[in-house]
Amino acid sequence: MKPLFDFLIKLCILSVILWAVIYWGIAPGSIDLQAVFVAWVMVVANTLAGYLLFEYAIDRESSVFTTVVFGGLALRLLLLMALVALILIRNFVAVYDFVLSFFAFYCIYVIVEILGYQKKNKQKKNVA
């Protein structure tokens with residue numbers, strides 16, 4: 001349970017830092033904060049789901065691990081693509097701000113997710 005707690009703490013700290021930069025680092029009124037928030041929620045939920053799937057599959061046999069992690073990745077990407085398409089087609093938020101912040105958040109949070117995977121693998125090897 002400790003790696004999950006560490007991952008959640010890192011996710012929270014990163015989120016606070018990113019929102020501080022967005023809120024105080026960018027000229028007020030220059031971006032649509034609702035669009036940025038929607039993108040952030042989508043990416044954080046995706047990252048958390050990915051890490052939880054990894055936590056579930058890490059102690060399983062190889063075929064189950066591969067199915068859960070890569071199948072989960074495919075499903076998460078399909079779900080994200082569908083949500084992004086829905087948001088863009090229906091114009092729920094400012095398109096430019098949403099797309100830019102979505103890609104920025106996605107790149108940053110994927111790195112955090114991969115680092116979480118590496119730390120969990122390293123801890124598993126140390127125990128064995």
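The model is predicted. A search of the whole structure finds 2 salt bridges, and the structure holds 1 cavity of 30 Å³ or more.

**Salt bridge between K119 and D6**

- Side chains of opposite charge can pair when their charged atoms come close.
- K119 forms a salt bridge with D6, and the closest N and O atoms of the pair are 3.4 Å apart.
- Because K119 lies in helix α4 and D6 in helix α1, the pair ties together parts that are 113 residues apart in sequence.
- K119 is partly exposed, with a relative accessible area of 31%.
- D6 is buried, with a relative accessible area of 14%.

**Salt bridge between R76 and E113**

- R76 forms a salt bridge with E113, with 3.4 Å between the closest N and O atoms.
- R76 belongs to helix α3 and E113 to helix α4, so this pair ties together parts that are 37 residues apart in sequence.
- R76 is buried, and E113 is buried too.

**Cavity**

- Rolling a probe the size of a water molecule over the atoms shows where empty space is left.
- The largest cavity has a volume of about 30 Å³.
- Its lining is made by G50, L53, F54, V69, R76, E113 and Y117.
- R76 and E113, which are among these lining residues, are also the partners of a salt bridge.
- Helices α2 (33-57), α3 (62-90) and α4 (95-127) each supply at least two residues of the lining of the largest cavity.
- Helix α2 gives the most to this lining, with 3 residues.
- By class, the lining of the largest cavity has 4 nonpolar residues, 1 polar residue and 2 charged residues.

How values were computed:
Residues are numbered from 1 along each chain as its sequence is written. This is a predicted model: local features need pLDDT of at least 70, side-chain atom pairs count only at pLDDT 80 or more; totals for chains, interfaces and linings use all residues. Side-chain values use heavy atoms; hydrogens and water are left out. On a 1 Å grid over the protein atoms alone, a cavity is a set of points where a 1.4 Å probe fits but cannot get out, and a pocket is an open set with protein on both sides within 12 Å along at least five of seven lines; lining residues have an atom within 4 Å of a point. Grid points are joined across faces, edges and corners, and a volume is the space filled by probe spheres set on the points. Helices (H or I, at least four residues) and strands (E, at least two) are DSSP runs, numbered from the N terminus. Ala, Val, Leu, Ile, Met, Phe, Trp, Tyr, Cys and Pro count as nonpolar, Asp, Glu, Lys and Arg as charged, and the others, Gly among them, as polar. A salt bridge is a side-chain nitrogen of Lys or Arg within 4 Å of a carboxyl oxygen of Asp or Glu. Buried means under 20% relative accessible area, exposed over 50%, partly exposed in between (1.4 Å probe, protein chains only).
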